[in-house]
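Take a moment to turn the model around on your screen before reading on. This short report walks you through some of its parts.

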Amino acid sequence: MKQQQTGIIIPMYIYPTDIYNNTDYNKVIDLKKKYHDVPVYAILNPNNGPGSSVDGNYLAAVKRLRGAGVVVLGYVYTSYGTRSQSSVNADIDQWRNLYPGVDGIFLDEMNNVGGGESYYTDVMLHAHGEGYFPVIGNPGAGLPESYFSTKTVDIAIIYENSGYPTESNLEGDYDGGYADYTYRDRAAMIYNASFDADQIRMVKKYVGNIFVTDDNLPNPWDSL
């Protein structure tokens with residue numbers, strides 16, 4: 001059986017000006033066309049979510065990315081579980097209304113403390129009911145085992161930080177950790193880091209999707 005490739009998850013927080021000639025978007029599209037077997041996810045964020053009206057540039061970006069085989073995710077923030085589920089669900093529905101080609105949902109500012117599991121399970125089920133797959137949650141740090149055993153999201157970003165993580169930071173092999181759940185359910189987004197093949201091989205042992213950029217704060221996701 002052919003081994004599943006490690007995927008790439010890209011925060012495309014770059015406005016799609018002149019989408020047919022946009023250097024950043026064309027890089028992603030060309031990458032997917034060259035490596036058909038590599039899963040590529042692109043997160044779009046028009047206005048801290050879908051916004052209130054259609055932006056023609058983003059509409060075209062969705063079509064171009066999907067045409068190349070990229071899985072497009074719509075950004076929704078959750079304020080670490082304090083934002084009302086009705087508001088989160090309304091943003092999810094708005095993505096379908098404004099950009100019907102979007103494939104999945106990216107839940108940012110995800111809570112990673114025990115007690116928030118049902119909130120995210122309910123939101124994920126709402127998104128699935130609207131036809132969105134996958135639902136990716138971003139706590140940016142490790143999650144308790146309970147978030148995996150109760151299936152709160154399809155994929156969780158367990159690391160979003162500057163520089164490569166340590167192996168112990170990713171493995172989750174401790175009491176209450178997530179090591180017994182498939183690495184395919186986890187991902188890492190790394191900024192302020194240069195390409196390092198050994199480090200990437202280490203990270204790939206523990207996550208199914210990865211993104212590495214040498215961009216840095218205040219916004220490490222505004223370039224490729």
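In this predicted model, helix α4 has these buried residues: E117, Y119, Y120, T121, V123, M124, A127 and H128. What lies over them? The cover includes α3 (85-98), β4 (104-108), β5 and α5 (146-149).

After α4 comes G131, which has a positive phi, near 90°.

Now look at the strands. Eight of them form a closed barrel in the order β1-β2-β3-β4-β5-β6-β7-β8, and the pairing is parallel. On average, neighbouring strands of this sheet are turned by 25° against each other, direction ignored. In general, strands of a sheet pair through backbone hydrogen bonds, either parallel or antiparallel. G137 has A156 in β6 as its bridge partner.

Next comes the inside. In soluble globular proteins, nonpolar side chains tend to be buried together. Here the largest nonpolar core has 69 residues, and I9, Y25, L44, L65, L107 and V203 have the most contacts inside it. Helix α2 (residues 56-68) gives the largest share of this core, six residues. What does L44 touch, leaving aside its neighbours within four places in sequence? Its contacts include M12, Y25, Y58, V62, L65 and W95.

Finally, search for rings: the whole structure holds nine aromatic pairs. Two of them are set out here.

| Pair | Distance between ring centres | Angle between planes | Kind |
|---|---|---|---|
| Y13 and Y75 | 5.9 Å | 90° | edge-to-face |
| F148 and Y178 | 5.5 Å | 45° | tilted |

Y13 sits in the loop between β1 (7-11) and α1 (23-34), while Y75 belongs to strand β3 (residues 71-77), so their pair ties together parts 62 residues apart in sequence. Are these two rings' residues buried or exposed? Y13 counts as partly exposed, at 21% relative accessibility, whereas Y75 is buried, at 5%. Y13 and Y75 also form one aromatic cluster with F106.

In the other pair, F148 is in helix α5 and Y178 is in the loop between α6 (167-171) and β7 (186-191), so the parts tied together are 30 residues apart in sequence. F148 is buried at 9% relative accessibility, and Y178 is buried at 1%.

Terms used. Residues numbered from 1 in each chain as written. Predicted model: local features only at pLDDT ≥ 70, side-chain atom pairs only at ≥ 80, totals over all residues. Heavy atoms only, no water. Core = buried A, V, L, I, M, F, W, Y, C linked by side-chain atoms within 4.5 Å. Buried < 20%, exposed > 50% of the residue type's maximum accessible area, 1.4 Å probe, protein only. Helix = DSSP H or I, 4+ residues; strand = E, 2+ residues; numbered from the N terminus. Contact = heavy atoms within 4.5 Å. Pairing = 2+ DSSP bridges. Axes fitted to C-alpha atoms, helices over the stretch in contact; angles between N-to-C directions. Phe/Tyr/Trp six-rings, centres within 6.5 Å; stacked < 30°, edge-to-face > 60°.
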